[in-house]
Amino acid sequence: MDKRQRYIEQKAEQAKIDGVVCVCKQVTERRIRKAVNAGHRRFVSVKRVTEASSSCGLCQPFVEDIIADTIKRRK
Ligand code: FES
């Protein structure tokens with residue numbers, strides 16, 4: 001296993017423990033929910049304030065699900 005692969009796997013493990021949704025930017029689910037509760041209800045807005053999904057972009061569907069769920073819970 002090369003260094004890069006090992007790094008990616010370590011980050012994924014850490015993500016499971018810390019609730020990190022965006023591994024690239026180390027953004028947690030809690031931080032995303034906080035941004036939504038502070039009035040950022042669109043993906044682009046949450047992305048701008050938290051930096052979630054602003055690197056590889058693979059986490060975008062997960063970030064969008066959390067935004068939708070947070071909005072639904074507030075109703
Ligand atoms: S995991 Fe979120 S931008 Fe890469």
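Q: In which helix is N37 found?
A: This is a predicted model, in which local features need pLDDT of at least 70 and side-chain atom pairs count only at pLDDT 80 or more, whereas totals for chains, interfaces and linings use all residues. Residues are numbered from 1 along each chain as its sequence is written, and side-chain values use heavy atoms, with hydrogens and water left out. Helices (H or I, at least four residues) and strands (E, at least two) are DSSP runs numbered from the N terminus. On that basis N37 belongs to residues 29-37, which form helix α2.

Q: Does N37 count as buried, partly exposed or exposed, and at what relative accessibility?
A: Buried means under 20% relative accessible area and exposed over 50%, with partly exposed in between, for a 1.4 Å probe and protein chains only. N37 falls in the middle class and counts as partly exposed, because its relative accessibility is 39%.

Q: Which residues is N37 in contact with, leaving aside its neighbours within four places in sequence?
A: Contact means heavy atoms within 4.5 Å. T70 is 33 residues from N37 in sequence, yet the two C-alpha atoms are 7.5 Å apart in space. With the sequence neighbours within four places set aside, the contacts of N37 are T70 and R74.

Q: What is the length of the polar contact that joins the side chains of N37 and R74?
A: A polar contact is a pair of N or O atoms within 3.5 Å; within protein, one must be able to donate a hydrogen and the other to accept it, and residues adjacent in sequence count only if both atoms are side-chain atoms. The side chains of N37 and R74 are joined by such a contact, at 3.2 Å.

Q: What is the relative accessible area of T70?
A: T70 has its place in helix α4, and, not counting residues up to four places away in sequence, it touches R33, V36 and N37. T70 counts as buried because its relative accessible area is 4%.

Q: How far apart are the end C-alpha atoms of helix α4?
A: The expected span of a helix is 1.5 Å times one less than its number of residues. For the 15 residues of α4 (residues 60-74) this gives 21 Å, and the model agrees, since the end C-alpha atoms are apart by 21 Å.

Q: Within what arc do the buried residues of α4 fall, seen down its axis?
A: The buried residues of α4 are V63, I66, I67, T70 and I71. They line one face of the helix, because, seen down the axis, they fall within an arc (taken from the directions from the helix axis to the C-beta atoms) of 130 degrees.

Q: Which elements do the buried residues of α4 pack against?
A: On the other side of α4, F62, D65, K72 and R73 are exposed. The buried residues of this helix, by contrast, pack against β1 (20-22), α2 and α3 (43-50).

Q: What does the cover of the buried residues of α3 include?
A: In α3 the buried residues are F43, S45, V46 and T50. Seen down the axis of α3, these fall within an arc of 165 degrees, so they line one face, while V44 and R48 are exposed on the other side. What covers the buried residues of α3 includes β2 (27-28), α2 and α4.

Q: In what order do the elements of the chain run from the N terminus on?
A: The chain has four helices and two strands. From the N terminus on, their order is α-β-β-α-α-α.
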